Structure formats: structure tokens, C-alpha cells
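Please keep the sequence and the model in view while reading.

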Amino acid sequence: MFAQFKPTRKGDFNAYIARSFRNKKGDKTSSVIVERLGLLSEIASAHPEADPREWVRQRALELTRKEREENKTVSVKLSPSRRVQSDKKRLYHAGDLFLQPYFHRLGIGGICREIGARGKYKFNLEDILAKLVYGRILFPDSKLSTWQSAQNFIEHPLFELEDIYRALSVLSRESDYIQSQLYRNSVAAKPRNTRVIYYDCSNYYFEIESDDDFRKYGQSKEHRPNPIVQLGLFMDADGLPLAFCVNPGNTPETQTMQPLEEKLADNFSLSDFVACTDGGLGSVDNRMYNMSEGRDYITVLSLKKMRPHLQDWATDAHAEWHTKGYDEGFTLEEAARIFGERFADMVFYRDRWTIETYKGSNGKMRELEEHLIVTYSHKYALYQRKTRAEQIARAQSKIDRGESCRPKSPNDCRRLIRTLSATAAGEPAENTISEIDWEKVHAEERFDGFYAYGTSLDDHPLDILRANSFRGEIEALFRVTKTNLDLRPIYLSRQDRIIGHFIICFIALLILKQLQQSLNQHHSVDRLCDTLRGIKMLYHDAYGYEPAFDRTDLTDELQQNANILIDTEIVPKATMRTILRQIKKS
């Protein structure tokens, strides 16, 4: 390539970079413009420190060097009799190259430096946190196994195993600061949708026989007889984790929400939001707390626990019900006749305001004015009837086998069994008789297809239902922590290190969801994790890195998203060093 200057009518010169070539016969030389650089006066203004003509020539030399580097081929002599060198690392994990830009965009390096300025430790907290976060996504396991696997990153760990456990204690001590700074840094990169935020709880078990002050026996979501800890998580309306808290396993779920909301207000400067929860967390105390703090809420209500007059109102099929896209109202019988087959897929709703008196946890009676919304879905009714029929069959099977008929949970099929231990005259019976409690079955059938919500908002019911419909995404986040990130079982015993472990998993979850949402197509977390785990590079001393993974549409998207290219036949060592510097700057 060469520099080319063409005069203009105004006495200036246009600068070009061109490439020369010969025709097929080789008897004539032509040139083609590769890059237009503008007028020399413009170049002089943009680069006052250099002579404009010399700058153009240097630019031509740079492009020539780059082109030669890209077009360079490598020849390697291989022998079927020569064995590879013993104890020489050849295969490296490279999936972290697509996670690193998000790690650095969150400003985690700056967070670690700030923490380091307040504490006294010699290990590299940023490197430890980075390797543990990448490892949690790529090869989730114990801290020992993660440290061993991290030796296979292209950039080796700069710490020892014992440094990991010391770092976990530091992370635990700085948990509130880390969470608040992650939020602030993420907002600086892209605004967060926090008008409606979602809260839920889950628990995680330890494979130990006895509990302690933190790992407690409680009601396990997975019905395991192991001590557990409880995770409370807030999620924003874009499906990104917002903040979390970790509590002993025997802590009532309803008591975990208010302290975390206070942290959102104090540490995140985030207090104007609508808190959306399921029925288990939407206690009267939590609803009244949000009202007293000037916030709003949306929560699921139990129809079975409502007062009788509200139950009658909520299940009145002959009343006027509404559905999306229609101004007029219908009875459910009219809707079934008018809409035919479409009726099963439609959702109908009605709403009203109520004022109810409740006793708070402090024993005082308080009034709560609430917007009550009830929906009916025929598809949901059919599903409930099918499920109950299966439960009745299982209950009858237990009766026939003489098993215990005491229910273990509110949804246990044994709740539908009635045990008689007295005669009709009230005299003690010699034998107990168990049978299906058909009165209870019919009582439950009354609520088939109906669902109730309570809110402090006076918005249109459809807007409230739309906001609540996203609540399932937070349950999906918990599934990711348990399946893709393997957050449990937890192989730690000290409380501070357990909390440090949750911080690592929280950051990994945030990065994974950010990456998923930034791709052009919506790929499942399962496919994304499997693809990242399969991205490996084969190292050759002579010439660099060779891709050891299959190229797919997703690997193309990942590279485009990170603005790097590692699926060329050869990635020279100098190019890999450039890539590593580039992704840290992002």
C-alpha cells in the first residue's frame, strides 16, 4: 500500500491510501483506493504534532503490516512418531473472553481497589473475584475444584487456594457496598428499569447432619432433610438481579423483605418503586409497611383465605367480567358461548376496592384499603381439575395401602383424605376409617380457574396484570442459580464465607443475564452456558492458539458482541495479547 496525494482546485491535496496490482497478463499496473483520509489541511488540524504527509505514509505502512499479518500462513511439521511434550499445558478455557467485558463494565476492578484501600491484605481481590465468577459460570464446583480448573484459563490465576477463603471473608464484610456499587455502575452503563421490582425467596442446602447458628433446619423448597440458608432476591423489570440477602434457614420468608427494602433506600437511593411478590411474601405487615413508606405493591391473594362475602364476589360467574380488546362485559356463560374454542385461551377479569381490618404483628388492628382484582381462565380451571383428579387417585391409593393419611404440605394429596375415628353416635370406634373427603373436594372446585391479586395501585387492571405477569422471571432466576450455576450444595461452613459465596453467584447471575439480553437472538441460559463451556483453544508454542470448538450461529454472535475474533484457523500470540487488552478496556 502507498500514500497518494491529489491536488484540489483550492490548492489543497486529497490524501488516499491505495494498493497497486497488475492485470492478468502482467503488462500493466493499476491502483485501487483502499482508504480516503481527507484533505491534508484536515489531517494537519486533527494531528498537529505530525507532518500530514508523513502521517499518511505511516498510516499506509501500518495498514500494509496489518494486511501481511492477517494474510500470513503458518506451516507446521508434525510427526506421527513424535509425542507431545509431557506436563505441557495445551488446552485452555476461552469462554471467559466473552464474560470479561461485562465484568469490567460493572466496574468491579474499581470496587475491589476501593475495598483494598480500606483493608489490609496482600492477595489480588479483583483476580480472585474474576476467576471465581467466570468459574461459577463455566465449571461450577467447589472452591478447590474451581481454583484447579482456573489454571486452564489463558490468563493464569495470580493467587493461591488459601487466598480464596480469605477473599470470601472480605467479600462478606463488604457485601452491602458491593451490591450498591454494582447497581450504580450498571445504571451508569445502561438505565435500570426499577419502576416495578420483584421479590422472592428460595433456600439452599448443605450436605451436613446437624445445624448451627446460621445453617438451620427449615422448610426446604426441595423437601431435603438438610440444614439450609435462605436467599431473598430483588429483580428489576428487565429480569436482572438487583439485590439480595442471606438469612438463616429457619427465618420466616415474610420477615426478610422489609430489611432488604431498607437497604435499597439507604444504599441504592432507591425507594420509589412498586414491590411485586407472590402470596407467601405479601403478608399484611409487608403491604402496610410499603404503604407507610409511600410505596406501592402488587401481591397474590389466597381466595380460600378471603372473607366469605369477597369469595362470593370473586367467584360469581353470572357477574360482569371483562377481557382484553372488548369494551363490553360478559358473564362467563355468555363468553363461553360467544367465543367458542377461543374461550379456553382467554383471561377475564373484574375488580373492586375493599377496606378490610387486619391485626398486625404488633397486635394492633389496622385498616387496609386495597384494589382487588380477580381473573378467570378456563384453561387454568381445566388444569386444576386434571391435577385434582390425579391427586384423588393417589390419595385413594394411599388409603388402599393403609399408609399414613396426615398431609405434609398444603398441596399434599392427603389433604383430601378424611379419617373417621368415632361412630355416628359419638362413641369411640375400635378402628379408624379413611376415605376421600368429597366435601373438601367440592369446596376446592369452587375456586377452579380463579386467581386473585391485591394492590395499592389504582391503575387499570390490565396494566397491573401485565406488571404481575413478569413475576415468573424471578423464579427463572432461582432455577438458573440451582441448575446452571450449581449454587447448592454449598461446601462451606463459616457464615462469612457462605455469604461471600452468594456474592460470587450473584455477580455471575448478573453477568450471565446481561450477556443473554445483549445478544441479537434470545438464546436460553442452558444453550448459552453449554456454548461458553465448550469454547476452548489449543496452544502451540510456535504460532499461537488454534480454535478447539465448533463454530455456530451463537459463537458468531458472541464474537460480534464482544468485538473479538477467535475462530480463525490460527490466532497468533500477539493477537491474543491484543484481544486480552481490548476486552479489559470495554
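Which residue in β6 is the bridge partner of Cys201? The bridge partner of Cys201 in β6 is Gly232.

## Basis of the model

This is a predicted model, in which local features need pLDDT of at least 70 and side-chain atom pairs count only at pLDDT 80 or more, while totals for chains, interfaces and linings use all residues. Residues are numbered from 1 along each chain as its sequence is written, and side-chain values use heavy atoms, with hydrogens and water left out.

## Strand β6 and its partners

Helices (H or I, at least four residues) and strands (E, at least two) are DSSP runs, numbered from the N terminus, and two strands pair if DSSP finds at least two bridges between them. Strand β5 (residues 196–205) pairs with β6 in the antiparallel sense over eight bridges, and β6 pairs with strand β7 (residues 241–248), also in the antiparallel sense, over seven bridges. Gly232 has Cys245 as its bridge partner in β7. The strands β6 and β7 form a hairpin with five residues between them, and Gly239 in the turn has a positive phi of about 85°.

Buried means under 20% relative accessible area, exposed over 50%, and partly exposed in between (1.4 Å probe, protein chains only). Eight of the eight residues of β6 (residues 228–235) are buried, so the strand is largely enclosed by the rest of the structure. Both faces are covered, with Ile228, Gln230, Gly232 and Phe234 buried on one side and Val229, Leu231, Leu233 and Met235 buried on the other.

## Helix α4

In helix α4 (residues 108–118), the residues Ile108, Gly109, Ile111, Cys112 and Ile115 are buried. They cover an arc of only 160° around the axis (taken from the directions from the helix axis to the C-beta atoms), which puts them on the same side of α4. On the other side of α4, Arg113 and Ala117 are exposed.

## Salt bridges

A salt bridge is a side-chain nitrogen of Lys or Arg within 4 Å of a carboxyl oxygen of Asp or Glu, and a search of the whole structure finds 36 of them. One of these joins Arg488 and Glu222, whose closest N and O atoms are 2.9 Å apart. This pair links distant parts of the chain, with Arg488 in the loop between α16 (472–483) and α17 and Glu222 in the loop between β5 and β6, 266 residues apart. Arg488 counts as buried at 18% relative accessibility, whereas Glu222, at 26%, counts as partly exposed.
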